[in-house]
Amino acid sequence: MEVNKERILKEFMGLIAIDSESLCERKMADKLKSILADLGFQVSEDNVGSLIGGNAGNVYGYLKGNTQDIKPILFSGHMDTVKPGIGKKAILGEDGKITSDGTTVLGSDDISGVVEILEGIRMVLEADAPRGDIEVLFSVCEESYGGGAANFDYSKIKSKIAYVLDLTDSPGIAAVKAPSIVSFKAKVIGKAAHSGFEPEKGVNSLKAAANAIARIQQGHVGEMTVNVGTIKAGKANNIVAEETMVTGEVRGFNHEEVIEAVKAIGEIFHEEAGKVTGEPPEGPMSARCEFDYKVHIRAFDIPKDSEVCIRFQNACANLGLEGGLVSTHGGSDNAVFVEKGIQGIVLSCGMSNVHSVTEYCYVDDLYKGAELVAELLTAK
């Protein structure tokens, strides 16, 4: 089985040129449905787009195998990119490095994974190699906490193992452990007043929120990470801020600890809101807080002696790749797969500096990734 180097590079360049920011994956979905159909897959698209405010759904493909000696296997990548992702253009350097023009992300997150899956499948089909049933899931809205995969109908999936191509580094590394990701929102409510004439009649929600944020330990907190991401407050410089909205997230490998940490953050906001008071006409009052959180992704930890890991490491050994098993603080659709009873790991696919306009990948990594997919598809 050999990679068609000209074909995979052409496909990468073509898919990169398709605008596909989260919730706007329509053109990408149509293109991938066409490609899978041409490869002989039974292809369907669900209605997740209408559920999450997007214009496309998850694309699923199934191709029956030619032997029962190899178990069904699921490969997955995502169709969306982060912003800025409109008008992307892939530029190939003489050293094989592919970059954007510097005004947008490249989109190798996750087009690298997508084309490696497609080319790996082509390699197996063209060689008529023994293979089990092949399933492919290209999800929407992965960059927004996995909104597409979270709403897929997993009764369709036949495979018990999965490989998600959505990890930085050259092919040959797999993440077997990833964190829970929980976002929080604190709405601090005070009372407006003219800050020049009668500030004492107001209740400053921004002051309460700032005091709370100052108490929250951020960055690496043990094995967790804590971040306050956005603050929106007030209406004008001369008005005591009546309302302040603060959002953030906590990530960690122990789900229960993450939930406790988020709840502790909520208590801090409630406490600090109660400390900020004012003297409006109706009498003394303090600020108050409405706090909420949402679990986006649950932590997973796949045993290193499991079938999905051993199969990966054997395939890497056959190709001379490292076969390293690591943990990651990033989120992926694999967390949903594991929660649904599918034992999956996340494979590196050559993307680097993702979520930035300096994102890049190398053509040699695209070749290696496709070879790894083909090896995994034919391994018993």
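Analyst: Of the 380 residues in the protein chain, 53% count as buried. Buried means under 20% relative accessible area, exposed over 50%, and partly exposed in between, with a 1.4 Å probe and protein chains only. This is a predicted model: local features need pLDDT of at least 70, side-chain atom pairs count only at pLDDT 80 or more, and totals for chains, interfaces and linings use all residues. Residues are numbered from 1 along each chain as its sequence is written, and side-chain values use heavy atoms, with hydrogens and water left out.

User: Why is Leu-23 called partly exposed?

Analyst: Its relative accessibility is 30%, so Leu-23 counts as partly exposed. Leu-23 sits in the loop between H1 and helix H2 (26–38). Helices (H or I, at least four residues) and strands (E, at least two) are DSSP runs, numbered from the N terminus.

User: Why does Asp-169 count as partly exposed?

Analyst: Asp-169 has 43% relative accessibility, and therefore counts as partly exposed. Its phi is also positive, near 100°, in a residue other than glycine. Asp-169 is found in the loop between strand S7 (161–168) and strand S8 (173–178).

User: Why are H1 and H9 called roughly perpendicular?

Analyst: The axes of helix H1 (residues 5–16) and helix H9 (residues 363–378) cross at roughly 110°. Angles of 65 to 115 degrees count as roughly perpendicular, under 35 as roughly parallel, over 145 as roughly antiparallel and the rest as oblique. H1 and H9 are therefore roughly perpendicular to each other. Axes are lines fitted to C-alpha atoms, for helices over the stretch in contact, and angles run from 0 to 180 degrees between N-to-C directions.

User: Which residues make the contact between H1 and H9?

Analyst: Lys-5, Ile-8, Leu-9 and Phe-12 of H1 meet Val-363, Leu-366, Tyr-367 and Ala-370 of H9. Contact means heavy atoms within 4.5 Å. The two axes come within 10 Å.

User: How many helices and strands does the protein chain have?

Analyst: The protein chain has nine helices and 19 strands.
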